[in-house]
Structure formats: structure tokens, C-alpha cells
There are 2 protein chains.
Amino acid sequence: MVTIADVAEEAGVSISTVSYVMSGKRTISPTTRQRVERAIATLGFSPHAGARSLASRSTNVIGLQIPLRSGVDVHVVMEVVTGVVAQARTHGYDILLLTSDDPRGMERAAKGSMVDALLVMDIESDDPRIGVLTHLEQPTVLIGLPEGRRTMPCVDFDFEEAGWLAVDRLLAQGHRRLALIGSPAEVLARHTSYADRLARGFLAACAAANVVGSVHACPSSADATAVVDEVVAADPQVTGFLVHNESALPHVFARLVETGKHSSAKPGIVALCPEDVALSVPGPVDSIAVPAEAIGSAAADVICDMIAGETPPGVRLIAPTLTVRTSTDIVATKHPSTTRAT
Amino acid sequence: MVTIADVAEEAGVSISTVSYVMSGKRTISPTTRQRVERAIATLGFSPHAGARSLASRSTNVIGLQIPLRSGVDVHVVMEVVTGVVAQARTHGYDILLLTSDDPRGMERAAKGSMVDALLVMDIESDDPRIGVLTHLEQPTVLIGLPEGRRTMPCVDFDFEEAGWLAVDRLLAQGHRRLALIGSPAEVLARHTSYADRLARGFLAACAAANVVGSVHACPSSADATAVVDEVVAADPQVTGFLVHNESALPHVFARLVETGKHSSAKPGIVALCPEDVALSVPGPVDSIAVPAEAIGSAAADVICDMIAGETPPGVRLIAPTLTVRTSTDIVATKHPSTTRAT
DNA sequence: CTACATCGTCGAAGCGTTTCAACAGTCAGA
DNA sequence: TCTGACTGTTGAAACGCTTCGACGATGTAG
């Protein structure tokens with residue numbers, strides 16, 4: 001292993017000079033800098049992460065808790081992770097993967113100084129992990145939005161607003177009885193933050209417009225077809241559907257087309273999903289994009305800022321955007337950006 | 001921060017004694033051990049990972065390179081990751097996420113002593129990263145199977161054998177013209193290891209049986225339907241289909257049912273995908289499970305053994321299993337385990 | 001020409017572990 | 001009773017880096 005001492009010797013300078021060249025924390029003459037940089041290159045030196053973290057009391061690693069629970073949308077999770085990793089790297093941070101849903105994994109990483117900060121996904125409305133997290137020294141950011149007093153910075157897509165936006169669109173198309181075909185039952189049951197907020201926005205918008213709206217759990221499989229049939233059987237006059245379930249979307253779409261509830265002439269669906277999923281369905285659907293990768297990079301930005309000592313933004317919500325595909329004039333209706341602070 | 005010195009003082013012993021209690025590398029009297037353990041518990045001590053890695057020259061972290069390229073099956077990737085993380089934890093290892101496809105990310109992690117070993121997914125038949133990896137000090141395991149001289153331990157599902165097995169089944173059902181509906185074109189184009197091997201096994205089995213077999217790329221979207229139509233148009237007599245594309249499966253299934261190529265009475269499909277995907281399709285299909293999580297934990301086992309200094313097994317392939325769902329007697333045909341070594 | 005910043009560099013003191021060599025104490029065998 | 005082996009414990013030396021304080025050398029103002 002090549003150490004900083006080897007570099008120092010090769011360059012004919014002291015160890016501290018090499019260190020200062022690398023960190024830029026002191027002014028160094030151009031000639032010295034060049035000699036050191038050349039020595040680093042020739043020897044292929046890269047500093048020992050452990051030694052560095054011991055001396056500097058920081059690791060340049062962020063712990064990322066990702067959900068393994070059933071019912072979560074892997075596609076979206078992966079995109080969020082992608083966004084986090086890529087953006088964290090631009091700030092010079094690596095990602096340590098934490099998967100156990102039990103918060104002791106995070107505690108272990110934090111107390112063992114393995115990470116400088118924690119990023120937690122798959123937040124529930126009343127998440128039991130938050131208690132543990134508040135006692136840690138490292139800054140923490142939630143991807144999601146718990147209910148009640150928010151003691152911790154949060155980043156997420158504005159699902160509540162997305163509910164309003166979808167209802168707006170369905171109303172504009174003349175629908176007066178709406179259904180939200182949502183996440184699998186287990187996701188709703190544990191009050192996953194995004195599902196709760198979407199339902200809240202959807203129902204509030206329906207109530208505000210004095211229109212009937214109902215929320216339905218839906219499995220991520222072909223059984224989604226059955227759910228559609230049940231919803232229609234329960235209220236045959238339902239004509240507008242907000243679908244928030246990536247895996248179920250193809251099935252729901254197919255069934256609604258079959259039963260004449262959706263066509264390009266008479267559209268009845270707004271899909272809430274990543275763009276490529278909306279495009280992969282055999283026919284046009286209006287959709288609100290879940291900007292999963294953007295959520296990830298926003299979260300990475302926030303947490304890196306916090307590590308750098310900047311004050312966290314409280315809550316940062318990414319505004320939804322509706323893309324219309326069912327009218328002949330294809331337009332992207334951008335919604336005003338709603339970055340709120342708490 | 002509470003250090004080992006605090007624990008030592010609290011317990012009334014020396015620092016080294018505390019260290020030996022934790023590592024178990026020396027015999028300690030029961031009374032001392034208890035005192036130390038109590039002190040650790042009261043103070044809530046957990047050792048500083050950086051200091052530990054500096055002194056012991058090992059990090060207890062494994063770097064995992066996961067693919068972000070287009071066309072890969074996120075579902076399968078996630079399951080592999082799950083398996084890796086869970087199994088690595090049982091060996092006391094954490095996972096550092098590396099996502100850049102450029103091998104310099106891995107080099108950085110390795111040379112900076114951030115990881116004790118590397119696990120690389122999404123291997124291509126002639127993977128350019130392997131050259132870089134061989135020059136690293138840390139042991140490396142590939143999840144996948146490159147062609148040619150294998151200088152590195154590999155773990156994977158036996159896709160080649162799966163090709164044979166699928167053909168066996170289709171032949172047994174009386175099919176004589178077979179098609180493999182496979183991965184997206186970009187995956188085939190870059191010669192992703194599993195796609196190559198599956199095609200090889202499939203074609204070899206067809207040739208051995210003196211039967212027509214063809215391989216087709218297929219996008220992971222509703223356009224899969226078009227691919228089915230093209231395949232059938234090109235050779236209307238094709239009756240047996242091996243489908244290896246999780247996202248396309250529902251569409252391919254639907255189209256083959258519509259066109260009368262598949263029904264429970266006259267089955268024409270073998271699906272190669274995770275079990276739950278095969279079960280989510282609206283009707284019975286025979287399937288060969290891709291045991292993604294098992295691949296992940298097998299890889300974790302191998303790499304942990306290597307770190308522990310045990311000799312690697314060369315190549316470890318997990319044998320495929322066919323599950324028959326289209327006959328009235330539902331049986332799992334287990335294939336003889338084929339763990340080969342190179 | 002002196003006084004005083006400023007600049008570039010260096011020596012050395014940590015950072016919190018692990019682990020080696022050594023050392024008291026106990027015990028069994030001669 | 002003495003010797004040697006073994007047990008349980010300890011002090012101190014690494015491990016490779018960051019960073020503080022100090023120190024000449026140079027430039028600038030009085």
C-alpha cells in the first residue's frame with residue numbers, strides 16, 4: 001500500500017504539504033503543487049479512508065435506508081436510489097446500503113461512525129424509526145413526509161398536490177364520480193406516507209368539487225383487473241380513474257379500455273407513475289410523473305448541505321406536473337412550483 | 001463520543017482487555033468479561049469503524065457494483081441486492097453501493113481501502129472491467145459468467161442449463177418449432193452474460209433435438225405484443241415459446257392466449273422469471289424460477305469465504321428448477337444440482 | 001531600515017483501534 | 001521446592017491521515 005509518506009518522499013516535501021495539496025486548505029505554491037500532484041499520479045496514491053475518517057472525524061459516506069417491505073414499487077425505489085447515489089457522488093459522498101427495517105441498523109452505522117448522515121426512505125405517516133433517529137448525532141433526512149410535528153427535514157414529491165391535480169384534470173374532462181386505484185393493501189395498511197397523502201389530496205379535491213370520490217387498494221398483479229371490476233360493480237357510474245400503481249397500470253388500463261371507460265376519444269384515466277411506465281401502456285393516457293430520480297437527487301443535495309453545516313429547509317416538496325396525452329394538442333401543463341418550508 | 005478508553009475505565013480494566021473481549025481473540029476470565037460487557041452496555045459504546053479499519057487493515061464492508069444500464073430487470077436486480085445485503089450482514093459485513101459503470105469507482109473504493117472485497121453485477125461476456133479488477137488487492141466475485149479464461153470467481157444462475165431445461169419441457173409437450181422471447185435489444189447487443197448463456201443453451205438444445213429454434217429481442221413494454229406478432233408472422237408454425245423478460249411477460253402471455261398459442265389445455269409457454277411474476281400472470285404458465293435472492297446470498301457467501309482466506313470455488317452455478325403449472329398434477333421437477341468448479 | 005503582515009512549508013500531536021511482547025500469577029509435574 | 005507451561009491481563013507501538021502552531025522567507029508600510 002502506498003501512503004501519504006511515500007508521496008511526500010517522492011515529491012521531496014513534508015507529509016503535511018501533501019495533505020494540504022489534496023485538501024486545498026492552505027495555499028501552496030504552484031511548483032510544489034505540481035510536484036506533489038505528479039508524485040500522487042506516479043505512485044497511484046489514494047488516501048486510506050479509515051485513517052482519513054479517524055483524523056478528520058468524517059467519513060464521506062451517507063447511510064441510505066431502503067425499503068424491502070412488500071408492496072413497494074421497486075422501479076421507483078431503484079430510480080430514487082440512482083438519483084441519490086449519482087448526486088451524492090457529485091458532492092464527494094458514497095452510499096452505504098442499509099436495508100433492515102429495524103432502526104438498529106441505522107443506529108449501528110451512525111454510532112460506529114460509519115456514516116456522516118442518514119437518508120431514510122419508505123416513511124410511514126407515524127414512523128416508529130423517527131424516535132431513534134432523533135437521538136443520533138448525524139443529520140438525517142427523510143424521503144417521505146410523516147404526520148404531526150416534523151422534527152426532521154423531509155424531501156418528497158408532493159403527492160397531496162398530485163391528488164388535487166389529477167382530480168382537476170378528471171373534472172375538466174367532465175367526470176363527476178371518481179375512483180383512486182392505489183397501492184396494494186399492505187402499503188395502505190401501514191400508512192405509508194405517500195399513499196396517505198395522495199388519498200388525502202384526492203379526497204379533499206373531490207370534496208371541494210362536491211363530487212364522489214373513493215379510494216381502493218390494488219394488488220400489483222393481474223388481480224388488478226378484478227379490483228377494477230369490483231369498483232365498477234359497486235358504483236357503475238364511476239367514470240374517472242386515478243391510477244397509482246405502476247405494476248397494476250397495464251392491467252387496469254386494459255380492463256378500462258375493454259369496458260369502454262377509457263379511449264382516446266373519451267379518456268377516463270390519469271396515471272401517477274414514472275414517465276416511461278405511462279408511455280409503455282398501449283394507448284395514450286394522461287399522467288402525472290413521479291420524478292423518482294429527482295426526488296433522490298434533491299434528497300442528496302439537502303443532506304449534503306446539512307453535513308456542510310447549512311440549515312435544512314424543513315420540508316421540500318417537488319411539485320407535480322400533468323402531461324396531457326389524450327387530446328390532440330399534446331401539452332405539458334406545468335403546475336406552479338410549491339416549495340414550502342416548515 | 002464514547003471510546004474504548006471510556007469503557008476500559010468504567011470496567012476498571014485496560015484498553016487491550018476491552019478489545020480482546022470484543023474480538024474474542026484471547027481468553028478472558030468470565031468475571032472480567034462480564035464487567036466489560038456491562039460497561040459497554042451502560043455507555044452504549046460502539047467502536048469507531050475508521051479507527052478499527054486503520055488498525056486492523058480491514059473494513060467489514062463489501063463494495064457492490066449494481067447496474068444502472070437500460071434494459072436490466074430492476075425487479076431481479078433488487079432481489080439480488082436484497083440477498084447480498086442480508087447474507088453479508090450475517091457474516092458481519094455492510095454494503096457500499098457503487099453504481100458507476102466505469103470501473104474507476106470500484107478502483108477508488110478498493111485503493112482507498114473503503115472495502116474488503118468487491119462484488120460485480122451485470123457482467124458481459126467479454127467484460128472490460130475485469131482487466132481493472134484483476135489488478136486490485138481485494139478479492140472480487142462476479143455475479144455472472146464472462147467468456148474465455150475465467151480469472152475470477154463467478155456466481156450465477158445456470159442460464160445455459162435453464163435453456164436446455166425449457167426446451168426439454170417444450171419438446172415434451174410436442175412443440176417442434178421454438179422461439180426465445182428474450183431481453184431488450186440493448187441487453188443482447190452488449191452481450192450481457194446471462195442473455196448470451198440462455199440463448200446458447202436454448203439453441204444448443206434445439207440443435208440437439210434437431211428442432212427449429214430462434215432468438216428474439218423484446219422490449220420491456222407493451223411493444224412486446226408487436227414482437228410476438230412479428231415472430232409468428234415470420235414463422236406461423238412456431239408453437240413453443242420461452243419467455244425471458246419479466247416486464248414483457250404479461251403482454252406476451254396475453255397475446256399468445258389471444259392468438260390461441262397458449263391455454264391450459266394446450267400450453268405453449270415456459271417463462272423464465274422470479275416466481276411471483278409467473279404467478280401474477282392471469283392463467284397458469286410453466287416456469288423456471290430465477291432465484292434472484294439466492295444468487296445474491298450465494299455470492300455473499302463466496303466473497304465472505306474469500307475474505308476469510310478460503311479458496312474460492314471457481315464457478316458456482318445455481319441449478320434451474322422447472323415448475324409445471326399447466327398440467328392438472330402440479331409438480332415441481334427438480335433438476336439435478338450442477339455445482340461445477342473450474 | 002525597522003516592524004509587521006503574509007505566504008509557503010514543516011514537525012508533531014492527536015484521532016480510536018488492534019495486536020505484539022511481556023509480565024504477574026496459578027498450577028501441575030518432577 | 002523448583003521449573004516450566006499456561007492463563008489472564010497489560011503497556012505501548014503501530015495504523016495513515018488531518019490540522020494546529022511555529023518558523024523562516026518575502027513583501028509592505030511607516
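**Entry 1. Strand pairing between the chains**

I looked up Leu96(A) and found that its bridge partner in β2(B) is Leu96(B). The model is predicted, and I kept to its limits: local features need pLDDT of at least 70, side-chain atom pairs count only at pLDDT 80 or more, and totals for chains, interfaces and linings use all residues. Residues are numbered from 1 along each chain as its sequence is written, while chains are lettered from A and ligands numbered from 1 in the order in which they are written.

β2 of chain A covers residues 94-98 and pairs with β2(B) in the antiparallel sense, over three bridges. Two strands pair if DSSP finds at least two bridges between them. Helices (H or I, at least four residues) and strands (E, at least two) are DSSP runs, numbered from the N terminus.

**Entry 2. The contact between A and B**

I then took the whole contact, to which chain A gives 31 residues and chain B gives 31 residues. Two residues are in contact if their C-beta atoms, placed from the backbone, lie within 7 Å. On the side of chain B that touches chain A, at least two residues each come from α4, α5 (74-90), β2 (94-98) and α6 (104-111) of chain B. I sorted that side of chain B by class and got 16 nonpolar, 12 polar and three charged residues. Here Ala, Val, Leu, Ile, Met, Phe, Trp, Tyr, Cys and Pro count as nonpolar, Asp, Glu, Lys and Arg as charged, and the others, Gly among them, as polar.

**Entry 3. Superposing the copies**

I laid chain B on chain A: a turn of 180° and a shift of 0.0 Å along the axis give an RMSD of 0.1 Å. The two copies are therefore related as by a two-fold rotation axis. Both copies use the same surface, since 100% of the contact residues of chain B recur in chain A.

**Entry 4. The DNA strands**

Around DNA strand D I found 30 residues, the closest being Ile4(A), Ser16(A), Ala55(A), Ser16(B) and Thr27(B). A residue is near a strand if its C-beta atom, placed from the backbone, lies within 6 Å of it. α2 (15-23) and α4 (49-56), in chain A and in chain B, are the elements giving two or more residues to this surface. The largest share, six residues, is from α2(A).

DNA strand C also has 30 residues around it, and the closest are Thr27(A), Thr32(A), Ile4(B), Ser16(B) and Ala55(B).

**Entry 5. Core**

The largest nonpolar core holds 192 residues, and Ala299(A) and Ala299(B) have the most contacts inside it. Such a core is a set of buried Ala, Val, Leu, Ile, Met, Phe, Trp, Tyr and Cys residues joined through C-beta atoms within 7 Å. Leaving aside neighbours within four places in sequence, the contacts of Ala299(A) include Val84(A), Leu119(A) and Val155(A).

**Entry 6. Backbone check**

Ser113(B) is not a glycine, yet has a positive phi of about 55°. Ser113(B) sits in the loop between α6 and β3 (117-120) of chain B. Buried or exposed? Ser113(B) counts as buried, with 23 C-beta neighbours inside 10 Å; the cut-offs are 20 or more other C-beta atoms within 10 Å for buried, 12 or fewer for exposed, and partly exposed in between, with C-beta atoms placed from the backbone.

Note on methods. Least-squares fit on C-alpha atoms with pLDDT ≥ 70 in both.
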